[in-house]
Amino acid sequence: MSQGVAVSSGQVSLTAGDGNDGQWEDMMRAYRLPLGRFFASRVRNAGDVDDLVQQVFVRLFQRAQQEPIRHVSGYVFQVAASVLNDERRRARVRHEDTHESYDDQRHERSDELTPERIVLGEEAIARVAAAVRRLPELTRDVYLLRTTQECEFADIAQQLGISERSAQRHMSRALKYLEENLEGGTPSSLPPASE
């Protein structure tokens, strides 16, 4: 014998038999729209409204299996408020309110490799390489050891047989020269070649 839910005069009660399913459906129809409006005015994502309404009906059905529910109208919205609080608590834990949905039109990919971007990138690399080649040999060695091998100035100084302070000055000259020559301004003269 299965159980059914009977709705009568503001009370939902659990009864034996299959004949009361229509009354349960009547109650769901009566409260679906009001619950939908309740949630729609309180949640950010309209797609969540139907799920929240469904959660209310599930909780009502579970409660009706345990004991009769008196004053259905008030209880329905009490359950709805509880469902809403639970959903907000879960959203806070998942930080959903801070998440921005992906939208193709709003989030155009600026890193897309187009032929134009590839050519511009290759030209920029060629300009940097040419500028580095124009550096005096010792300055270029300091620059390359520091930037490509991430050597400390003490190690550079030891490898090149110069002082640590001298290695720092060569690096400073290289950076200044490259900055001036790669920003599209008037190329500056080469830094001094001597120590």
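Predicted model: local features only at pLDDT ≥ 70, side-chain atom pairs only at ≥ 80, totals over all residues.
## Overall make-up

The secondary structure of the protein consists of seven helices and two strands, and, read along the sequence, these elements follow the pattern β-β-α-α-α-α-α-α-α. Of the 195 residues in the protein, 29% are buried. When contacts between residues at least 6 apart in sequence are considered, 47% of them join residues at least 24 apart.

## The pairing of H2 and H3

Helix H2, which spans residues 49–66, packs with helix H3, residues 72–94, at an angle of about 125°, and their axes lie 9 Å apart. Because of that angle, H2 is classed as oblique to H3, and the crossing in which H2 passes H3 is right-handed.

On the H2 side, the contact is made by Leu52, Gln55, Val56, Arg59, Leu60 and Arg63, while H3 contributes Tyr75, Val76, Val79, Ala80, Ser82, Val83, Asp86, Glu87 and Arg90. By residue class, the contact of H2 with H3 divides into eight nonpolar, two polar and five charged residues.

## Asp86 in helix H3

Asp86, placed in helix H3, is one of the residues through which H3 makes its contact with H2. Its relative accessibility is 18%, and Asp86 therefore counts as buried, the cut-off being under 20%. The side chain of Asp86 also makes a polar contact with the side chain of Arg89, at 2.9 Å.

## His170 in helix H7

Helix H7, covering residues 164–182, is where His170 is placed. With a relative accessible area of 0%, His170 is buried. The side chain of His170 makes a polar contact at 2.8 Å, and the partner in this contact is the side chain of Thr139.

## Glu150 between H5 and H6

Glu150 is found in the loop that lies between helix H5 (137–148) and helix H6 (153–160). In its backbone, Glu150 has a positive phi of about 55°, although it is not a glycine. Most residues other than glycine have a negative phi.

Notes. Residues numbered from 1 in each chain as written. Heavy atoms only, no water. Axes fitted to C-alpha atoms, helices over the stretch in contact; angles between N-to-C directions. Helix = DSSP H or I, 4+ residues; strand = E, 2+ residues; numbered from the N terminus. Parallel < 35°, antiparallel > 145°, perpendicular 65-115°, else oblique. Left-handed = near helix turned anticlockwise from the far one by under 90°. Contact = heavy atoms within 4.5 Å. Nonpolar A, V, L, I, M, F, W, Y, C, P; charged D, E, K, R; others polar. Buried < 20%, exposed > 50% of the residue type's maximum accessible area, 1.4 Å probe, protein only. Polar contact = N/O pair within 3.5 Å; in protein donor to acceptor, adjacent residues only side chain to side chain.
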